[in-house]
Amino acid sequence: MGESGDHASGGRPGAVGSAAMDAEDWNRRYAAADLVWSAEPNRFVAAALDGLPPGRALDLASGEGRNALWLAGKGWQVTAIDYAQVAVDKGRERARRDGLDVEWTVGDVLAYRPPAEGFDLVLIAYLQLPPDQMAQVWALASRAVAPGGTLFAIGHDRTNLTHGTGGPQDPDLLWVPEELTRTLVADGLTVDRAERVQREVATDEGVRQAVDTLLQAHAPVPDLP
């Protein structure tokens with residue numbers, strides 16, 4: 001069966017950016033269900049990051065906080081930001097209930113200014129914005145990664161339009177590994193993984209495959225003089 005929470009309609013914009021009503025639309029969606037996404041972390045996030053030594057982590061467009069909460073449970077000091085107040089409130093309540101410490105922020109990721117080199121891990125999961133806005137996000141995310149730290153991102157791939165299911169149907173909002181590799185390299189990171197991955201999704205027509213872009217990069221450590 002498909003992964004709980006990775007809906008066929010998936011993909012969330014995550015920032016006020018292109019439409020003033022987006023935040024309220026998402027607040028209504030989050031208010032209409034106990035959890036829009038699953039309580040468990042995204043499968044690719046868990047698989048890739050489980051072995052990393054904990055440090056400071058930043059979860060951009062964190063939604064209800066499933067990945068932020070998982071990281072906090074692994075010992076990370078997590079800052080999570082999302083522009084949907086209802087989603088952040090849900091994450092905060094789950095953290096309180098589970099005894100986890102997460103710094104929650106309601107805000108637009110396009111306006112957010114994280115400290116330079118302030119995080120050992122920066123996470124972006126299913127943040128689908130127009131190219132000029134995503135370029136801003138990649139730049140701020142890259143600047144936030146400490147030397148030797150990791151940037152991990154997972155999002156709907158452009159080939160999902162023809163070979164997958166769900167996600168945004170606008171190709172400009174979808175990711176392409178080769179394009180994002182060039183972007184991250186230009187932003188000063190070293191790309192370790194840039195590939196397409198598939199996951200099963202339960203739909204009304206049965207189980208189908210969705211196609212995602214997975215990116216993992218790190219900030220180089222400067223040579224000692």
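Which helices each supply at least two residues of the lining of the largest pocket? I started my notebook there. The model is predicted.

**Entry: the pocket**

I found that α5 (131-144) and α7 (177-186) each supply at least two lining residues. The largest share, four residues, comes from α5. I noted a volume of about 220 Å³ for this largest pocket. Its lining has 14 residues, and Pro 131, Met 134, Trp 138, Glu 179 and Leu 180 lie nearest the centre. I sorted the lining by type: 10 residues are nonpolar, one is polar and three are charged.

**Entry: the cores**

I looked up the largest nonpolar core next. It holds 28 residues, and among those that touch the most other members are Val 137 and Trp 138. Leu 60, Val 122, Ile 124, Leu 127 and Leu 151 belong to that group too. β1, β4, α5, β5 (145-156), α7 and β7 (206-218) each supply at least two residues of this core. Its largest share, six residues, comes from α5.

I then picked out Ile 124. Leaving aside residues up to four places away in sequence, Ile 124 touches Leu 60, Trp 138, Leu 151 and Trp 175, among others. A second, separate core has 24 residues, including Leu 69, Ala 80, Val 197 and Leu 214.

**Entry: helix α3**

Why is helix α3 (residues 66-73) largely enclosed by the rest of the structure? Seven of its eight residues are buried, so the rest of the structure largely encloses α3. I listed the buried ones: Arg 66, Asn 67, Ala 68, Leu 69, Trp 70, Leu 71 and Ala 72. Their cover includes α2 (43-49), β2 (77-82) and α4 (85-98). After α3 comes Gly 75, with a positive phi near 100°.

Notes
Residues are numbered from 1 along each chain as its sequence is written. This is a predicted model: local features need pLDDT of at least 70, side-chain atom pairs count only at pLDDT 80 or more; totals for chains, interfaces and linings use all residues. Side-chain values use heavy atoms; hydrogens and water are left out. Buried means under 20% relative accessible area, exposed over 50%, partly exposed in between (1.4 Å probe, protein chains only). Contact means heavy atoms within 4.5 Å. On a 1 Å grid over the protein atoms alone, a cavity is a set of points where a 1.4 Å probe fits but cannot get out, and a pocket is an open set with protein on both sides within 12 Å along at least five of seven lines; lining residues have an atom within 4 Å of a point. Grid points are joined across faces, edges and corners, and a volume is the space filled by probe spheres set on the points. Ala, Val, Leu, Ile, Met, Phe, Trp, Tyr, Cys and Pro count as nonpolar, Asp, Glu, Lys and Arg as charged, and the others, Gly among them, as polar. A nonpolar core is a set of buried Ala, Val, Leu, Ile, Met, Phe, Trp, Tyr and Cys residues joined through side-chain atoms within 4.5 Å.
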